[in-house]
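Please keep the structure open while reading.

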Amino acid sequence: MKKTILLIILAALLPASTAQAHPHVFVEYGIDFVLDEEGLAGFRQIWTFDEMFSMTMLMEFGNGDMKLTPDEVDLFKKGAFDNLKGFNYFTTLVVNGQLHKVDNVTNFTARTENEKLIYEFFVPIKVKSPAKVEVAIYDESYYTDVYLLRDKVRIENPAGIKAVYTADLAEHITYNYGGMAMVPDSVVLDLQ
């Protein structure tokens with residue numbers, strides 16, 4: 001039974017062919033940009049999964065009490081998160097017009113809130129001001145539907161760097177899904 005559930009979970013996180021693909025997992029996300037005295041130090045992603053996927057994951061990796069122990073968080077990381085590295089953690093990152101691969105994340109944690117599973121992790125990237133940084137998070141296979149919560153975009157700016165952001169549809173990142181043009185949201189941070 002556990003192996004069957006694990007296979008379902010892994011299939012949900014891996015891209016499917018266009019003929020088979022449609023959203024099976026739904027994620028709402030926020031971004032916290034973290035600035036330092038030089039500019040951007042990186043950004044935190046906070047993913048909130050839908051109830052159905054959350055319950056499936058908690059049955060597989062948790063003990064059923066909706067509270068995750070450190071050992072259970074480690075199981076989530078190894079069994080359901082680390083494989084996203086091969087897909088750049090569904091993250092497209094463009095700095096001053098140049099595409100950057102996201103293959104390193106830190107500070108992964110998982111928790112539950114209102115019966116939903118939440119992942120939180122940090123993408124370190126040093127970008128000196130002035131600069132433009134664009135972040136778009138999406139699954140091109142459309143197996144996972146990813147939705148930006150615009151009111152959950154923040155800038156942590158203890159150094160007082162001048163920075164603003166805009167969030168909008170990223171028409172220039174349009175991808176094809178089953179003959180339809182799909183346009184993800186993106187957030188553009190302007191470090192001035």
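A residue is called buried at under 20% relative accessible area, exposed at over 50%, and partly exposed in between, with a 1.4 Å probe and protein chains only. The model is predicted: local features need pLDDT of at least 70, side-chain atom pairs count only at pLDDT 80 or more, and totals for chains, interfaces and linings use all residues. Residues are numbered from 1 along each chain as its sequence is written, and side-chain values use heavy atoms, with hydrogens and water left out.

**D139**

- D139 sits in the loop that links β7 (131-137) and β8 (144-156); strands are DSSP runs of E with at least two residues, numbered from the N terminus.
- D139 is buried but has no salt bridge (a side-chain nitrogen of Lys or Arg within 4 Å of a carboxyl oxygen of Asp or Glu).
- The nearest side chain of opposite charge is K101, 16 Å away; Lys and Arg count as positive, Asp and Glu as negative, and His and the chain ends are not counted.
- Leaving aside residues up to four places away in sequence, D139 touches F90, T144, V146 and Y175 (heavy atoms within 4.5 Å).

**Sheet**

- An open sheet of five strands runs in the order β4-β3-β7-β12-β9, with antiparallel pairing; two strands pair if DSSP finds at least two bridges between them.
- β4 (98-100) and β9 (163-169) are at the edges with a single partner strand each, so one side of each lacks a neighbour in the sheet.
- Strand β3 (residues 91-95) pairs with β4 in the antiparallel sense over three bridges.
- V94 has L99 in β4 as its bridge partner.

How values were computed
Helices (H or I, at least four residues) and strands (E, at least two) are DSSP runs, numbered from the N terminus.
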